[in-house]
Amino acid sequence: MSSWKKAAKANQKTHRERHQPEARKHLGLLEKKKDYKKRADDYHEKGATLKLLRKRTLDKNPDEFYFHMINSRVKDGEHHELEKEDEHTTEQVKLMQTQDLKYINMKRTIESRRIERLQSQLHMTDVADATPNTHVFFVDEGEEKDFDLAKRLDTHPLLINRKSNRPRMSDLDKIALPEIDETVIDSTKKIKEKTYKELSKRIEREKHLTVIQQKMELKKHLQDAKIMKPKRIQRGTKVSAPVYKFQYNRKK
């Protein structure tokens, strides 16, 4: 019978709510039932929320502690999370999410071999001369003003700061220097500077890949269910992997 009642109501006239009469138009829009329903639901929802918060306040333990208490601050009535330094750079996250440990190890090995090849081509004399010299000469009192370092080392004054390839004056007199074109010197200098720049970039790249490899290896060990959860001693940074202390297990 209910289906017949529904079928009979299908052709019934839809009763519409009246609008605001012209005489009461100055009072604004006349509220319909759907508007009242939204307002009532919102009122009851806010009342239930306040009731729940009041209950939680009454049931709260004054000795309760959780880490979010010290990891956030209230400023001007709003909660703000304490900003922590990211442990990974954008490039590290991309490599760790898209590549595996074998790929990182292979790329790091390639970079280390290229570094060794470049270092074998360069004598690194410029780097050695850049570090300050700590050679100490002892002289008698009163001779400090008249002390001539070039004369003591028996070399040219322009070669004093060198740590290697510093010939004596007697050897300089015997050397016959060939005539070299300035363009050749400039081109050689540019090639040398370019090689040093490439070497420095590859060293930084190798360090970067080493950090990623250490982080991925540590993540793999932490996922092992057979070992006990280690204790973190030092938090990881963008340039170093975190440090964990694992429990020692005696092997049979």
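Q: Starting with Glu-198, is that residue buried, partly exposed or exposed?
A: This is a predicted model, and in it Glu-198 has a relative accessibility of 35%, so the residue counts as partly exposed.

Q: What does Glu-198 form a salt bridge with, and how far apart are the closest N and O atoms?
A: The partner is Arg-202, and the closest N and O atoms of the two residues are 3.2 Å apart. Both residues lie in helix α8, where they are four residues apart, about one turn of the helix.

Q: And Arg-202, buried or exposed?
A: Arg-202 counts as buried, because its relative accessibility is 18% and the cut-off for buried is under 20%.

Q: How many salt bridges turn up in the whole structure?
A: A search of the whole structure gives 10 salt bridges. One of them is between Glu-31 and Arg-39, whose closest N and O atoms are 3.0 Å apart, and Glu-31 itself is partly exposed, with a relative accessible area of 40%.

Q: What about Arg-205, which residue does it form a salt bridge with?
A: Arg-205 forms a salt bridge with Glu-91, with 2.7 Å between the closest N and O atoms. This pair links distant parts of the chain, since Arg-205 is in helix α8 (residues 182-222) while Glu-91 is in helix α3 (residues 90-98), 114 residues apart.

Q: How accessible are Arg-205 and Glu-91?
A: Arg-205 is partly exposed, with a relative accessible area of 27%, and Glu-91 is likewise partly exposed, with a relative accessible area of 40%.

Q: Staying in helix α3, is Gln-92 buried or exposed?
A: Gln-92, which lies in helix α3, counts as buried, at 0% relative accessibility.

Q: Which residues is it in contact with, leaving aside neighbours within four places in sequence?
A: With those neighbours left aside, Gln-92 is in contact with Glu-87, His-208, Val-211, Ile-212, Lys-215 and Lys-238.

Q: Changing topic to the strands, how do β1 and β2 pair?
A: Strand β1 (residues 72-75) and strand β2 (residues 78-81) pair in the antiparallel sense, over four bridges. As an example of the pairing, Lys-75 has Glu-78 in β2 as its bridge partner.

Q: How many residues are there between the strands of that hairpin?
A: The hairpin of β1 and β2 has two residues between the strands, and Asp-76 takes a positive phi near 55° in this hairpin.

Q: Where is Ser-72 found, and is it buried or exposed?
A: Ser-72 is found in strand β1, and this residue is buried, with a relative accessible area of 8%.

Q: What does its side chain reach, and which residues does Ser-72 touch?
A: The side chain of Ser-72 reaches the backbone oxygen of His-68 at 2.7 Å. Not counting residues up to four places away in sequence, Ser-72 touches His-79, His-80, Glu-81 and Leu-82.

Q: Last topic, how many aromatic pairs does a search of the whole structure find?
A: The search of the whole structure finds one aromatic pair. The pair is formed by Phe-65 and Phe-67 and is edge-to-face, with 5.5 Å centre to centre and 70° between the planes.

Q: Is Phe-67 buried or exposed?
A: Phe-67 counts as exposed, because its relative accessibility is 59% and the cut-off for exposed is over 50%.

Definitions and conventions
Residues numbered from 1 in each chain as written. Predicted model: local features only at pLDDT ≥ 70, side-chain atom pairs only at ≥ 80, totals over all residues. Heavy atoms only, no water. Phe/Tyr/Trp six-rings, centres within 6.5 Å; stacked < 30°, edge-to-face > 60°. Buried < 20%, exposed > 50% of the residue type's maximum accessible area, 1.4 Å probe, protein only. Polar contact = N/O pair within 3.5 Å; in protein donor to acceptor, adjacent residues only side chain to side chain. Contact = heavy atoms within 4.5 Å. Salt bridge = Lys/Arg side-chain N within 4 Å of Asp/Glu carboxyl O. Pairing = 2+ DSSP bridges.
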